[in-house]
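Please read the following report with the structure open beside it.

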Amino acid sequence: MDYQITTRALDKTNNVFFKSMLQLIQNQLTQKWSYEESAHIILVDLEQPDGIEFWISKPRDVFLIAYARQNFYHAEWFLQKPLRIQPLLQLLNSLAMLQPAQLLINSPPITANQCPPPPKPSSVASVPAAALPSVPSLFSKAMSGTSEGKNKYCLDNKLEYFEPSIYLLGLLQESLVAARPRRFSCLGSAPLYILPYENRCFSAVTKMQQLDSLQENLYSSYAKNIKVVNLTPEELLAEVQKNALRAYPMDTALWLATLRCSHGRLILGQAPDSVIRLKYWPNFVVLPHDTVHVGLAAFMLKNTANLITIAQKTHTTLETVVDFFNSCKMIELTIEEPASESRLVDKKIAEPKRRTLKDILNRLLR
Amino acid sequence: MLAPQLITKLDQRLAKLLEDCSVINAAVVTTADGHMCAMRQGNQDYPLERLATMGSTLMSLGDTITAELKMGTCDNIISENKQGIVAFMHINNNLVLVTLTVQKNALGMLLSHSRRCAEEMAQFV
Amino acid sequence: MSEIKLVFTGSAGAGKTTAISTISEIPVINTDVRSNDFTTHLIRQSIDTSRKETITVAMDYGELTLDDGQKLRIYGTPGQQRFDYMWKILIKGALGLIILVDNAGDDPVGDLARYLDNFREFIKETSAVVGITRMDLSPEPNLEIYHEYMQSHGIRLPIYSVDARSRDSVVMLIHALVAMLEYG
């Protein structure tokens with residue numbers, strides 16, 4: 001069967017590169033693929049405003065593949081920048097395994113009630129994120145905003161909340177309440193073992209901070225896609241020893257399971273207007289994080305403010321703030337106070353000093 | 001820390017220093033890490049514990065500077081001030097002698113007596 | 001800005017000199033001398049060979065060149081209270097303060113309290129971050145105890161368990177410090 005593919009919002013260089021690479025890998029593809037100006041299968045650059053706009057408009061009768069440095073949208077089909085041969089090859093061969101009808105329809109988000117497509121064998125970061133949950137509308141809307149539009153923060157109660165019970169997080173919480181040692185596994189990911197009475201968990205992952213997309217699957221999966229096995233403490237510890245698993249605090253698993261699933265939605269039961277501060281500094285040694293989270297922690301440690309104010313003052317997207325807040329709340333790092341208790345430290349930092357601080361950090365993080 | 005007998009000997013030698021050279025108003029022996037071993041002063045009330053610690057800091061800085069400049073070992077550090085002079089010098093690797101005078105024109109006497117004292121102390125330490 | 005400098009302070013043996021050496025691009029200039037402070041620690045020393053036998057009596061000094069050619073100057077203070085005059089000298093004009101506390105010391109929480117108190121004015125004006133070292137050798141007090149201490153004294157600063165020999169640990173501390181200076 002012949003497949004046709006086109007691109008959307010790729011800049012000229014990327015587009016030329018894509019076309020050349022497609023030619024180059026022709027003899028390694030299981031089906032014939034050709035680039036056309038117009039096609040049903042479209043590779044969309046989600047780092048370009050045009051691409052984002054196109055993506056969220058959810059056009060009908062097309063099959064979209066997200067193209068970006070990271071799969072921010074948790075798109076079902078994703079190709080990581082920069083363009084490389086192996087991931088592209090893998091992607092196209094995986095697509096060729098789908099039923100033709102599946103390729104000609106719009107790719108709707110998977111809902112909790114739908115079975116995800118079977119996971120594709122892969123070991124690289126650009127595999128289709130088959131078992132990943134859908135992206136809620138709040139997240140998509142916010143991602144479409146330009147940087148100038150970031151001051152238009154809103155928290156709409158009508159938008160869906162983050163419901164832990166349908167994700168790994170719910171399973172972890174339930175296991176902690178029941179104090180049951182368990183193993184959680186999801187196709188392709190290293191299993192997670194929890195030992196509630198020791199408040200510890202175990203995994204073969206050596207650096208939780210640098211999970212690849214396969215390992216991430218477990219933490220962002222729906223509960224229904226996760227296999228749960230009850231173990232006795234002895235069985236669990238035997239598996240830990242046999243597989244030389246690494247121990248982490250339980251907070252690591254709770255934090256990660258929240259951060260990867262909340263997608264900018266406030267955790268269920270959380271009032272969007274409450275003012276919040278951190279009880280103490282998050283132990284980032286064991287809590288996987290991005291640079292932006294360190295800034296948020298600093299602000300929330302010293303200031304008591306609502307989520308919108310936090311986002312504005314730290315120049316961070318509201319979705320990131322919400323995800324960070326949910327994760328902190330899950331490990332009981334947050335203190336909520338009445339709205340009247342909002343307190344902001346009057347801190348003005350001179351621009352040269354800000355630049356110097358950035359320079360220091362850039363130099364050290366390089 | 002040093003043995004009590006040794007501290008007594010250091011103290012006696014400091015007493016002799018102040019007797020021999022009346023322009024010296026106070027003298028301190030300190031370890032290189034800032035612990036005072038012995039001290040003597042005339043009628044003044046200098047904070048000699050503090051001076052001992054600072055003496056170790058300054059001597060160490062002097063050693064660091066001379067090593068950095070490849071100038072050999074640091075013999076003395078002299079602080080000439082509006083109201084007097086303070087001299088710092090090694091007794092050995094582990095001990096420092098700090099002496100001071102309030103007479104601005106007594107640098108030579110301060111240094112020569114202090115140096116002799118340090119050398120004698122080095123003999124019995 | 002006349003000088004860009006960070007200051008490491010904290011208890012003796014917490015690893016200030018070592019921490020500076022992990023990020024300095026020049027060999028650290030130090031003023032270490034053999035210590036007489038360990039007479040009371042002889043028993044511990046016999047089982048703890050990692051404890052250093054020298055102490056810094058003036059300062060440590062390291063440098064890092066930033067992308068625009070400016071130098072970040074990194075100073076380490078002596079640890080012992082008797083050298084507190086050096087703390088005052090070195091902290092002048094610093095961007096921020098990193099406090100390292102040796103968890104295997106006799107009274108680590110007391111040590112932290114002492115440094116927080118001595119640098120109170122500076123911390124109020126700028127910021128600081130706390131790194132607890134040698135927790136692998138001495139897990140108690142745990143971080144919770146430090147959190148409780150800081151909370152009960154209304155002190156809101158980042159605190160980590162760190163390995164002073166690890167560049168990642170030191171960078172993590174400075175990252176938190178920079179975030180506090182900017183947003184905290």
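In this predicted model, 15 residues of chain B are in contact with 15 residues of chain C. On the chain B side of this contact, the largest share, 8 residues, is supplied by helix 2 (residues 48–68) of chain B. The residues on that side of chain B comprise 4 nonpolar, 9 polar and 2 charged ones.

Chain B itself contains 3 helices and 5 strands, and along the sequence these follow the pattern α-β-β-α-β-β-β-α. The table collects some values for this chain.

| Property of chain B | Value |
|---|---|
| Box filled by the C-alpha atoms, along the principal axes | roughly 40 × 35 × 25 Å |
| Share of the 125 residues that count as buried | 39% |
| Share joining residues at least 24 apart, among contacts between residues at least 6 apart in sequence | 51% |

A compact globule of 125 residues would have a radius of gyration near 14 Å, and the 13 Å of chain B agrees with this.

In chain A, helix 11 (residues 307–314) has Leu307(A), Ile310(A), Ala311(A) and Thr314(A) as buried residues. These residues lie on the same side of helix 11 of chain A because they cover an arc of only 95 degrees around the axis. After helix 11 of chain A comes His315(A), which has a positive phi, near 55 degrees.

Terms used:
Residues numbered from 1 in each chain as written. Chains lettered and ligands numbered in written order. Predicted model: local features only at pLDDT ≥ 70, side-chain atom pairs only at ≥ 80, totals over all residues. Contact = placed C-beta atoms within 7 Å. Helix = DSSP H or I, 4+ residues; strand = E, 2+ residues; numbered from the N terminus. Nonpolar A, V, L, I, M, F, W, Y, C, P; charged D, E, K, R; others polar. Buried ≥ 20, exposed ≤ 12 C-beta atoms within 10 Å, placed from the backbone. Arc of directions from axis to C-beta. Rg over C-alpha atoms; globule rule 2.2 N^0.38 Å.
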